[in-house]
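Please open the structure in your viewer and keep the selection tool at hand. Each stop of this tour names what to select and then says what is there.

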Amino acid sequence: MSDKQSTVRPEPVLTYELNGGERPSEGVVAAVAAAAGADPTDLDPLAETLDPDALDALFAAHLDGTPRDAGRTEFSFCGYGVVVNGTGHVSVLDAGR
């Protein structure tokens, strides 16, 4: 990395904690809608950005039922950066709106 490159990441606009049986894909839509001050049904479908079932599978419990509490994925959705991690949190980052 050169001296001119920065590793500074934007601060989260909002951090959302998944509720009980809420799937990560549902949490992403809820978190971005809350950050945007919009109704979730007004957002573009998440499936136009990524496969919601694949996102849910990344963070699904192990076959023996133990939680998968590690891992992280990042992508853009509706003009925001989104970070989903295995601890059950969805962070919405300002993507220069």
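A residue is called buried under 20% relative accessible area, exposed over 50%, and partly exposed in between (1.4 Å probe, protein chains only). The model is predicted, so local features need pLDDT of at least 70 and side-chain atom pairs count only at pLDDT 80 or more, while totals for chains, interfaces and linings use all residues. Residues are numbered from 1 along each chain as its sequence is written, and side-chain values use heavy atoms, with hydrogens and water left out.

Select Glu 26, which is partly exposed at a relative accessible area of 34%.

Next, select Asp 56, whose closest N and O atoms with Arg 23 are 3.7 Å apart in another salt bridge. Asp 56 lies in helix 2 (residues 52-58) and Arg 23 in the loop between strand 1 (12-17) and helix 1 (24-36), so this pair ties together parts 33 residues apart in sequence. Helices (H or I, at least four residues) and strands (E, at least two) are DSSP runs, numbered from the N terminus. Asp 56 is buried, at 12% relative accessible area. Through shared partners, salt bridges join Arg 23, Glu 26 and Asp 56 into one network.

**Second stop: Ser 25**

Select Ser 25 in helix 1. Is Ser 25 buried or exposed? With 7% relative accessibility, it counts as buried. Apart from neighbours within four places in sequence, Ser 25 is in contact (heavy atoms within 4.5 Å) with Leu 46, Pro 52, Leu 55 and Asp 56.

Glu 74 is partly exposed, with a relative accessible area of 41%. Over the whole structure, a search finds three salt bridges.

**Last stop: the largest pocket**

The largest pocket has a volume of about 210 Å³. Select Leu 18, Glu 22, Phe 59, Gly 86 and Gly 88, the closest to its centre of the 14 residues that line it. On a 1 Å grid over the protein atoms alone, a pocket is an open set of points where a 1.4 Å probe fits, with protein on both sides within 12 Å along at least five of seven lines; lining residues have an atom within 4 Å of a point. The volume is the space filled by probe spheres set on the points, which are joined across faces, edges and corners.

Notes. A salt bridge is a side-chain nitrogen of Lys or Arg within 4 Å of a carboxyl oxygen of Asp or Glu.
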